[in-house]
Amino acid sequence: MKKHLLLILLSAVFVSCKTSFRISVMTPPPILLDANTTKLLIINNVTEQNSPDALLRQVLQGQQYNGNVMAAEQTVTGIIRSLDDSRFLKGVIGTPIGLRDDKMINWTRVDSICEALGTHGIIEIETFESQAPVGGTVLANATGQTSSPLRGWAFINIYIAKSHLHVDRLDIHEVYNIPISGTVNPLNMMNDAIRKREFYGHLGTSIGYRIGRLFYSNWIWVNRTFYNKGSRTLRMSKKLIRSGNWSLAERQLEPGLTSHKNKVAGRSKYNTALVYEGQGRLEEAVHMAERAALENGTKLAYNYINVLKRRMNQQSHIILIKDD
C-alpha cells in the first residue's frame, strides 16, 4: 500500500513539472519577399476569351454571364483585403495591361509601371477557371440534392520590379458547396440560379484572400507541452509562454541554457525551442530541441523534434525565379 501511494505521489510530482495547453504559433509565408517589397499592384487580365464558361451558358439557357469573369473581379477584392490584414503590405488596383510579349516577360514594362505607381511588384490574375457538375443546379434540384459543388482556380503571375524575380502560372483553388432547394419548383430554381451567381463572387473573394496570405506570416493553433518547474527562470517564464509573449520568454529562459544543472539546462533549451516555434523560427526550434535531447537527454525533446520537422515538411515554399 505504501509503495503504491509513493508511486502516485511521484507521478503527481512528475506531471506537475509540465503544462499542456493550446497556443497560436507563427507560420512563415510561402513566398518570402524582400523587406522593402511592401506595395503590390494587382492587375486583373481575365477576359471572356481567356476564361470561357461555355458549360454555364448551356445550363442557364441564355443567361449570358461569365462566372469566371465575375469571380476574377472579386479575386482582386480578396487580395486587397488580405494584404491590408497583414498590416504591413498594401495592394493597389491597376488597369488591365499585357505584361508579356510572345510569352516572354516584358520587364521594361513591369519596371516602368511599378515606378510610375510607386509599387514594388505586380500580382497578375492571368486566367480564372471554374467547374460545376453537368446540369448545374437544375439537374441537382431534379435529383433531390441539397447542395451543388462549385470549384474554381485562379492562375496568377507574380513579378517583382528591378530584381526581376517572378512566379508563373501559380494556381490557387477553392471548392464551394452551394446550398440549393432540392426541388423543381420554378421559383426555388430561379433563386438557386441567382444564389449560384453570388457564390461565384464568394469563390473569387476567398481565393483572392488566400493569394494575399501567400506573402505574410500566419498563425495556427497547436497543442504543446512545456516545463514549468526546475528553476526560478523556468517558473518565471511560465506566464510569458502561456500568453505568447515570446521575446520576453526567450530572455527569461536564456540564463538557464548554460546552467550547470543538467535538468535545468535541458528544460530551458526545450522551452526555448517552443518559444522559437511560436515566433515562426522553425529551423532554430529544431536545432534547440536537438540540443535538449542530445546534450541533456530531455524526454519531451525527442518527440518534439519530429513534430517540428513534420511542420517544416508540410509547409509550402514557392520559389521566386530570377531572370537575368
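Visitor: Why is Lys 103 called exposed?

Guide: Lys 103 has a relative accessibility of 75%, and since exposed means over 50% relative accessible area, buried under 20% and partly exposed in between (1.4 Å probe, protein chains only), Lys 103 counts as exposed. This is a predicted model, in which local features need pLDDT of at least 70 and side-chain atom pairs count only at pLDDT 80 or more, while totals for chains, interfaces and linings use all residues. Residues are numbered from 1 along each chain as its sequence is written, and side-chain values use heavy atoms, with hydrogens and water left out.

Visitor: What makes the phi of Lys 103 worth a remark?

Guide: Phi of Lys 103 is near 70°, a positive value in a residue other than glycine. Most residues other than glycine have a negative phi. Lys 103 is found in the loop between β4 (100–101) and β5 (104–105), where strands are DSSP runs of E with at least two residues and helices are runs of H or I with at least four, numbered from the N terminus.

Visitor: Is Arg 87 buried or exposed, and how do you know?

Guide: Arg 87 reaches 79% relative accessibility, so it counts as exposed. Arg 87 lies in the loop between α3 (67–86) and β3 (90–93), and its phi, near 75°, is positive although the residue is not glycine.

Visitor: How do you know whether His 164 is buried or exposed?

Guide: His 164 has 17% relative accessibility and therefore counts as buried. His 164 sits in the loop between β7 (147–160) and β8 (165–179), and, leaving aside neighbours within four places in sequence, it is in contact (heavy atoms within 4.5 Å) with Trp 107, Asp 111, Ile 321, Lys 322 and Asp 323.

Visitor: Why are α9 and α11 described as roughly parallel?

Guide: The axes of α9 (residues 262–278) and α11 (residues 299–314) cross at roughly 15° and come within 11 Å. Angles under 35 degrees count as roughly parallel, over 145 as roughly antiparallel, 65 to 115 as roughly perpendicular and the rest as oblique, so α9 is roughly parallel to α11. The contact is made by Tyr 270, Ala 273, Leu 274 and Glu 277 of α9 together with Leu 300, Ala 301, Tyr 304, Leu 308 and Arg 311 of α11.

Visitor: How many disulfides does a search of the whole structure find?

Guide: The search finds 0 disulfides, a disulfide being a pair of cysteine sulfur atoms within 2.5 Å. Cys 114, at 1% relative accessibility, counts as buried, and Cys 17 is buried with a relative accessible area of 13%.

Conventions
Axes fitted to C-alpha atoms, helices over the stretch in contact; angles between N-to-C directions.
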